[in-house]
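Colleague: I am new to reading protein models. Could you take me through one, feature by feature?

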Amino acid sequence: GTTFYRAPEQEGRRHGKGRAARDDTSYDMKADIFSFGILLFELFSEKFSTYMERAETLLRLRGENPTASSAPPSRGQNDTGTGKDWRSKAQERFPEKFLLTAPEAAQRIILWCIESRPEDRPSAEELLQSELLPKKLELESRYLQDALQILSNPQNESNKTILNYLFDRPAPPQKV
């Protein structure tokens, strides 16, 4: 995987040597959940002004910032996804502007997905069943097919309109 998206359990393969390290497949879909958390953070973040800013921000998010505390607490001590003590980890991992603009549920999902221990991360099913995600919208099949066709054609003017609407909206006000 790409450096910033690679889960901690995949790091051993990168630093390992010889055939045993190359053959190590001791990680599972929880590594993908970690990558999803990083990706979700980037989707809710404003564009970085430099590559260095991006690198520093993502290292901090991953908990690789030298000023950050050591390993995060286990799920039993601090259930990031559904617990109440997630704010201290958010303060440590997220840039100040992200804390002010990203929805609380998104912050909690991201932190839950990027737990350093795979067993502390949610499964895809746990994420989908979480109260942190909005309820599933029921869409008519035809409407969905039309929308997917529009979105699959970058030359379509409606494609640009839809994407601009989705990604250029200001974040909703935060409840404190």
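Modeller: We will go through a helix, the core, the salt bridges and the aromatic rings in turn.

Modeller: This is a predicted model, so local features need pLDDT of at least 70, side-chain atom pairs count only at pLDDT 80 or more, and totals for chains, interfaces and linings use all residues. Residues are numbered from 1 along each chain as its sequence is written, and side-chain values use heavy atoms, with hydrogens and water left out.

Colleague: How many residues does helix H3 have, and what span does it reach?

Modeller: First, the terms. Helices (H or I, at least four residues) and strands (E, at least two) are DSSP runs, numbered from the N terminus. The expected span of a helix is 1.5 Å times one less than its number of residues. Helix H3 covers residues 29-44, which is 16 residues. From first C-alpha to last it reaches 23 Å, close to the expected 22 Å.

Colleague: What caps the N-terminal end of H3?

Modeller: Asp28 does. One of its side-chain oxygens lies 2.9 Å from the backbone nitrogen of Lys30.

Colleague: Which residues of H3 are buried?

Modeller: Start with the general idea. An α-helix has 3.6 residues a turn, so residues three or four places apart point the same way. Buried means under 20% relative accessible area, exposed over 50%, and partly exposed in between (1.4 Å probe, protein chains only). In H3 the buried residues include Ile33, Phe34, Gly37, Ile38 and Phe41. Lys30 and Glu42 are also on the buried list. Their cover includes helices H4 (51-61), H6 (96-101), H7 (104-113) and H8 (124-129).

Colleague: Which residues of the largest nonpolar core touch the most other members?

Modeller: In soluble globular proteins, nonpolar side chains tend to be buried together. A nonpolar core is a set of buried Ala, Val, Leu, Ile, Met, Phe, Trp, Tyr and Cys residues joined through side-chain atoms within 4.5 Å. The largest one here has 26 residues. Phe41, Leu61, Phe94, Ile110 and Ile114 touch the most other members. H3, H4, helix H5 (86-93), H6 and H7 each give two or more residues to this core. H3 gives the largest share, six residues.

Colleague: What is Ile110 in contact with?

Modeller: Contact means heavy atoms within 4.5 Å. Leaving aside neighbours within four places in sequence, Ile110 is in contact with Gly37, Leu40, Phe41, Leu61, Phe94 and Phe98.

Colleague: And Leu99: where is it, and is it buried or exposed?

Modeller: Leu99 sits in helix H6. It is buried, at 17% relative accessibility. Not counting residues up to four places away in sequence, Leu99 touches Ala90, Gln91, Phe94 and Gln107. Gln174 is 75 residues from Leu99 in sequence, but 9.5 Å from it in space, C-alpha to C-alpha.

Colleague: How many salt bridges are there?

Modeller: Side chains of opposite charge can pair when their charged atoms come close. A salt bridge is a side-chain nitrogen of Lys or Arg within 4 Å of a carboxyl oxygen of Asp or Glu. The count is eight. One joins Glu46 and Lys97, at 3.3 Å from N to O. Glu46 is in the loop between H3 and H4, and Lys97 is in helix H6, 51 residues apart. Lys97 is partly exposed, at 48%.

Colleague: What does Glu115 pair with?

Modeller: Glu115 pairs with Lys89, their closest N and O atoms being 3.1 Å apart. Glu115 is in the loop between H7 and H8 and Lys89 is in helix H5, so the pair ties together parts 26 residues apart in sequence. Glu115 is buried, at 2%. Lys89 is buried too, at 7%.

Colleague: How many aromatic pairs are there?

Modeller: A pair of aromatic rings is described by the distance of the centres and the angle of the planes. Rings of Phe, Tyr and Trp (its six-membered ring) pair if their centres lie within 6.5 Å; planes under 30 degrees apart count as stacked, over 60 as edge-to-face and the rest as tilted. There are three such pairs. Phe41 and Phe98 have ring centres 4.6 Å apart and planes at 45°, so this pair is tilted. It links helix H3 to helix H6, with the two residues 57 apart. Ring pairs link Phe41, Phe94 and Phe98 into a cluster.

Technical notes:
A polar contact is a pair of N or O atoms within 3.5 Å; within protein, one must be able to donate a hydrogen and the other to accept it, and residues adjacent in sequence count only if both atoms are side-chain atoms.
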